Amino acid sequence: MPTPLRSGFAAVLGKTNVGKSTLLNALVGAKVSIVTDKPQTTRHRIVGIVNRDWAQLVLLDTPGIHQPKHPLDEALLTAANRALPDAELCLLVADVSGSPSREDEQAARLVRDSGIPTVLALNKCDRVLPDVIEARAVQYGTLVQPVAAHRISALTGAGLDGLIDDLLSRLPEGPHYYPADSTTDQVEDFLVAERIRECVMESLHQEVPYSVAVTVDQLEPRDNGKLYIHANLYVERDSQKRILIGQGGQTLKAIGAAARGQLEPIFGQSVFLDLWVRVLPKWRKNESSLRRLGYLGSA
Ligand SMILES: Nc1nc2c(ncn2[C@@H]2O[C@H](COP(=O)(O)OP(=O)(O)OP(=O)(O)O)[C@@H](O)[C@H]2O)c(=O)[nH]1
Ligand SMILES: [Mg+2]
């Protein structure tokens, strides 16, 4: 008898900056979710798909758990919460280079209350000594009460084979949800906007990167063989606009060059990136702006 197909969804949850998106990308084997060294990078629920002949695991990356300051933050937490009811499994990520904090407790409570079987990924094991890992494994284990715990490094790949085998083995029987060659369900506009936002976040400091939202309004091949992309970078104030553009346009130029460097290999053609910085006052606090920018109404 042939092996029955297995499939299911796993919500990737945890405090902000613990390495959820890095882990999702490593498990999928492709960059589907953006990563920066700054907290609160992920703003949407991102689908990443792990394919085997006999199984398909759909990972749902989520915005990290953090203390909300803006209506935008509330929307991000809602996106994280809303991933759980869709999931058969929860993959809770913790950073062993630190002790559990209030946000880790919040994330643990969320998954415990859901009753969904939770696998704990003790991430960033490359950063600390073995005895520290063991002490943290006890702390996070007590907090989360997982069905299994894995010591991993999403950065080096250590422990990932064991983690993925464990997750796949816990999937129920069922048909595949996506074509077997897909790694995500993202549409091109969104993927491009996210890559630009990653470059923005990496180029800016303090509060400014968080005040930026990116939309892609045009993406079309031109007769000259180039792919023309028109993107809007929204900020909340004129002062942020000045910082984003930089002296003589330097900062924006550097962001454009970095984004082109990411996008050209994806599309396999040369890209003309037309970036426009616009002020949308207090967009992080304004419901209609949040909706317009795609942060409300979508999971
Ligand atoms: N040393 C080390 N760094 C890691 C590891 N995993 C992730 N990082 C780094 O941790 C930082 C945050 O990674 P992300 O994947 O963006 O974290 P996240 O949990 O998705 O963050 P949010 O989306 O902001 O909630 C980045 O600088 C990563 O390179 C790891 O296993 N080891
Ligand atoms: Mg993330």
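D104 and K15 meet through their side chains in a salt bridge, with 3.2 Å from N to O; the term stands for a side-chain nitrogen of Lys or Arg within 4 Å of a carboxyl oxygen of Asp or Glu. D104 sits in helix α3 (residues 102-114) and K15 in the loop between β1 (6-13) and α1 (20-28), so this contact ties together parts that are 89 residues apart in sequence. Helices (H or I, at least four residues) and strands (E, at least two) are DSSP runs, numbered from the N terminus.

The model is a predicted one, in which local features need pLDDT of at least 70 and side-chain atom pairs count only at pLDDT 80 or more, while totals for chains, interfaces and linings use all residues. Residues are numbered from 1 along each chain as its sequence is written, chains are lettered from A and ligands numbered from 1 in the order in which they are written, and side-chain values use heavy atoms, with hydrogens and water left out.

Buried means under 20% relative accessible area, exposed over 50%, and partly exposed in between (1.4 Å probe, protein chains only).

Twelve salt bridges are found in the whole structure. Another of them joins K31 to E198, whose closest N and O atoms are 2.6 Å apart. K31 belongs to the loop between α1 and β2 (46-51) and E198 to helix α6 (residues 188-203), so the pair ties together parts that are 167 residues apart in sequence. K31 is partly exposed at 34% relative accessible area, whereas E198 is buried at 2%.

A further bridge pairs R284 with E207, with 2.9 Å between the closest N and O atoms. It links distant parts of the chain: R284 is in the loop between β9 (271-279) and α9 (287-292), and E207 is in the loop between α6 and β7 (213-221), 77 residues apart. R284 is buried, at 4% relative accessible area, and E207 is partly exposed, at 36%. Through salt bridges that share partners, E207, E236 and R284 are joined into one network.

The magnesium ion (ligand 2) has S21 (OG) and T42 (OG1) as its protein donors, 2.0 to 2.1 Å from it. Donors are N, O and S atoms within 2.8 Å of the metal (3.2 Å for Na, K and Ca); water is not among the atoms, so sites may look incomplete. S21 lies in helix α1 and T42 in the loop between α1 and β2, so the pair ties together parts 21 residues apart in sequence. S21 is buried at 7% relative accessible area, and T42 is buried at 8%.
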